[in-house]
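Student: I am new to this structure and would like to learn it piece by piece. Could you take me through it with a few questions?

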Amino acid sequence: MVNVPRLVIAAPSSGSGKTTVATGLMAAFAGRGLAVSGHKVGPDYIDPGYHTLATGRPGRNLDAYMCGPELVAPLFAHGAQGCDLAVVEGVMGLYDGASGQGELASTAQVAKLLRAPVVLVVDASSQSRSVAALVHGFASWDTQVRIGGVILNKVGSDRHEALLREALDESGVPVLGVLRRAPQVAVPSRHLGLVPVAERRGDAVGAVAAMADRVRGGCDLDALMALARSAPPVPGAVWSAAEAVGACGGPVPLPAPSLDRGSAPDPAPQTPEGLVCAPERVESARDVPGVVIAVASGPAFTFSYAEHCELLAAAGATVVPFDPLRDEALPEGTRGLVVGGGFPEVYASELSANEPLRKDVAELALSGAPVAAECAGLLYLARSLDGLPMCGVLDAEARMSERLTLGYRDAVAVSDSVLAATGTRMRGHEFHRTVLEPGAGEAPAWGMHQPERRVEGFVQQGVHASYLHTHWASAPDTARRFVERCKG
């Protein structure tokens with residue numbers, strides 16, 4: 001049983017102020033000396049970075065599409081172990097989930113799986129008495145979702161506040177906070193959302209402090225904590241990287257990659273099976289250090305899930321972060337390389353100028369060592385990005401595009417690789433404004449059937465490179481398979 005006090009911060013729609021309230025609450029409660037765990041519904045990589053800054057603990061994602069509903073509570077329990085409070089920031093509107101799949105991956109579904117009370121953040125800037133109808137509708141839509149209170153955002157005046165409170169008195173949903181209209185907290189955005197913490201450093205610290213000040217000044221923290229403590233225990237086990245990897249069994253025989261393009265099988269509907277790395281070195285869970293796996297980090301590569309490094313370590317690796325913008329060589333003794341997502345397009349000139357590291361990466365890949373690259377990593381391994389030389393591992397050219405590619409994907413491995421055997425089904429997510437030409441190699445990585453039927457990515461020697469982001473907690477065999485190949 002998991003019995004951590006917890007709140008889910010949701011809203012009727014995007015843009016209502018969830019991030020400000022959730023991050024501000026985390027920082028405000030941490031400022032009281034509480035151990036706070038931050039979580040984000042969905043595949044978002046950027047908000048958890050601000051949660052990490054607010055709490056001093058790794059921000060974690062809860063994604064019922066990529067990991068399956070059955071893993072939401074165990075992963076939450078893993079992240080919230082030993083904490084006094086957990087705050088879960090929702091995604092989009094409270095009841096919005098994976099397109100065409102009902103409540104799957106919605107904030108409402110996660111709240112139900114965690115048996116957590118919901119605090120609804122409402123943009124009240126253009127309404128008064130109507131706020132009661134809106135809150136009533138959200139509270140009554142699904143009786144299994146418990147809306148325990150409302151935080152009113154963008155309130156204009158004392159008179160406006162009085163009208164809103166009077167209306168909500170009739171709804172039976174208490175007002176737990178009122179935030180006045182004010183200049184937005186300085187969290188700049190660009191083509192894929194907020195600018196990540198790793199790129200802003202001191203400015204990000206100031207932004208989180210400003211969020212905490214707003215929440216502290218406008219919210220009833222004692223009432224919010226009492227609501228969090230009212231959450232009943234959640235039945236189920238705590239997720240463990242060591243247990244997940246151990247459940248996979250012994251070493252996997254890895255055949256040579258297929259050179260046949262073939263066609264992508266049609267993934268059947270199913271329960272999904274399947275790097276914010278900690279900023280410091282993650283040691284192997286075993287008694288002796290394992291093989292060294294280098295993991296790209298720093299401002300250009302900020303998109304990753306904390307569980308990836310934990311799984312690699314549990315499988316017997318010593319995980320060593322490095323910064324491709326600064327380090328001119330891979331970590332000493334590197335036997336495998338993971339390059340996750342991020343913003344290489346923003347740092348293309350700096351990445352290209354680091355020629356010694358580009359050559360080191362190319363030599364490692366040419367040697368047949370395992371290399372796993374997702375999205376930004378795919379672009380970094382290409383021959384060029386917006387005309388600037390990259391690592392040249394893949395015979396492909398990348399460029400920025402005006403079109404946003406975004407959405408969940410059902411995928412099947414169409415080539416044996418260091419990550420997956422042919423036929424392995426996984427669920428993932430695409431999120432980019434770039435185009436790679438060609439989009440697939442002679443041995444593609446994945447076949448997908450939505451939004452259109454296609455093959456995508458590259459498998460060659462030890463390289464697996466693709467636009468698809470996956471969550472390895474849903475398929476811990478991915479990490480074990482990768483580490484076993486690194487061991488040779």
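Student: Is Asp47 buried or exposed?

Tutor: Before we start, this is a predicted model, where local features need pLDDT of at least 70, side-chain atom pairs count only at pLDDT 80 or more, and totals for chains, interfaces and linings use all residues. Residues are numbered from 1 along each chain as its sequence is written, and side-chain values use heavy atoms, with hydrogens and water left out. Buried means under 20% relative accessible area, exposed means over 50%, and partly exposed is in between (1.4 Å probe, protein chains only). Asp47 has a relative accessible area of 6%, so Asp47 is buried.

Student: Which helix holds Asp47?

Tutor: Helices are DSSP runs of H or I with at least four residues, strands are runs of E with at least two, and both are numbered from the N terminus. The run covering residues 47-55 includes Asp47, and that helix is α2.

Student: Which side chain does Asp47 join in a polar contact of 3.2 Å?

Tutor: A polar contact is a pair of N or O atoms within 3.5 Å; within protein, one must be able to donate a hydrogen and the other to accept it, and residues adjacent in sequence count only if both atoms are side-chain atoms. At 3.2 Å, the side chain of Asp47 makes such a contact with that of Lys40.

Student: How are α1 and α2 oriented to each other?

Tutor: Two packed helices are described by the angle between their axes and the distance between the axes. Axes are lines fitted to C-alpha atoms, for helices over the stretch in contact, and angles run from 0 to 180 degrees between N-to-C directions. Helix α1 (residues 18-31) packs with α2 at about 20 degrees, the axes being 8 Å apart. Angles under 35 degrees count as roughly parallel, over 145 as roughly antiparallel, 65 to 115 as roughly perpendicular and the rest as oblique, so α1 is roughly parallel to α2.

Student: Which residues in α2 does α1 meet, and how do the residues of this contact divide?

Tutor: Contact means heavy atoms within 4.5 Å. From α1 come Thr19, Thr23, Met26, Ala27 and Ala30, and they meet Asp47, Tyr50, His51, Ala54 and Thr55 in α2. For the classes, Ala, Val, Leu, Ile, Met, Phe, Trp, Tyr, Cys and Pro count as nonpolar, Asp, Glu, Lys and Arg as charged, and the others, Gly among them, as polar. The contact of α1 with α2 then divides into five nonpolar, four polar and one charged.

Student: How is α1 oriented to α9?

Tutor: The axes of α1 and helix α9 (residues 221-229) come within 12 Å and cross at roughly 100 degrees. That angle makes α1 and α9 roughly perpendicular.

Student: Which residues in α9 meet α1?

Tutor: By class, the contact of α1 with α9 has six nonpolar, no polar and no charged residues. On the α1 side are Leu25, Ala28 and Phe29, and their partners in α9 are Leu221, Leu224 and Met225.

Student: Is Val41 buried or exposed?

Tutor: Val41 lies in strand β2 (residues 36-41). Leaving aside neighbours within four places in sequence, its contacts include Leu62, Val88 and Val110. With 1% relative accessibility, Val41 counts as buried.

Student: Where is Cys375, and is this residue buried or exposed?

Tutor: Phi of Cys375 is near 55 degrees, a positive value in a residue other than glycine. Cys375 sits in the loop between β13 (371-374) and α14 (376-381). Its relative accessible area is 6%, so Cys375 is buried.
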